[in-house]
Amino acid sequence: MEHMERIDKHIQLVTRMSDTVGADLAAALADNRLTGEQYRGAVLRCTACGHEDACADWLKDHEAGAEAPPDYCRNADLITRLAEG
């Protein structure tokens with residue numbers, strides 16, 4: 001997979017995971033609860049995760065929403081904090 005396609009795929013996974021647990025990344029960026037550097041770090045952590053397929057399956061299974069990301073999510077703490085406001 002081309003490098004930028006891989007990055008784009010993980011941007012989508014981070015965004016979907018955030019949306020699934022009620023964390024609005026755009027709002028968090030706008031009100032400075034999330035910096036661009038933190039967002040970039042989240043995407044890079046996601047690219048280094050070995051649970052890409054499990055994550056995609058989890059997201060499909062939780063389309064109606066979830067209280068928290070799965071335990072293996074490398075961004076669980078960040079996403080949970082942002083969801084809590």
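The accessible surface of the protein chain comes to about 5,300 Å², and carbon and sulfur atoms account for 48% of that area. Please bear in mind that this is a predicted model. Of the 85 residues, 34% are buried. As for charge, the mean positions of the 9 positive and 16 negative charges are 5 Å apart.

Let me turn to the overall fold. The protein chain holds five helices and zero strands, giving the pattern α-α-α-α-α along the sequence. Its C-alpha trace spans about 35 × 25 × 15 Å along the principal axes. The radius of gyration is 12 Å, which agrees with the value near 12 Å for a compact globule of 85 residues. Among contacts between residues at least 6 apart in sequence, 70% join residues at least 24 apart.

Which residues have the most contacts inside the largest nonpolar core? That core has 20 residues, and the answer is Val14, Met17, Leu34, Leu59, Ile79 and Leu82. Helices 1, 2, 3, 4 and 5 each give two or more residues to this core. Beyond its sequence neighbours up to four places away, Met17 touches residues including Trp58, Leu59, Pro69 and Ile79.

His10, in helix 1, counts as buried because its relative accessibility is 0%; among its contacts more than four places away in sequence are Val43 and Glu52. Gly36 lies in helix 3 and, at 44% relative accessibility, counts as partly exposed. The C-alpha atoms of Gly36 and Asp53, 17 residues apart along the chain, are separated by 26 Å.

Terms used. Residues numbered from 1 in each chain as written. Predicted model: local features only at pLDDT ≥ 70, side-chain atom pairs only at ≥ 80, totals over all residues. Heavy atoms only, no water. Buried < 20%, exposed > 50% of the residue type's maximum accessible area, 1.4 Å probe, protein only. Contact = heavy atoms within 4.5 Å. Core = buried A, V, L, I, M, F, W, Y, C linked by side-chain atoms within 4.5 Å. Rg over C-alpha atoms; globule rule 2.2 N^0.38 Å. Areas by Shrake-Rupley, 256 points an atom, 1.4 Å probe, with all protein chains shown as cover. Lys, Arg positive; Asp, Glu negative; His and termini not counted. Charge placed at Lys NZ, Arg CZ, Asp CG, Glu CD.
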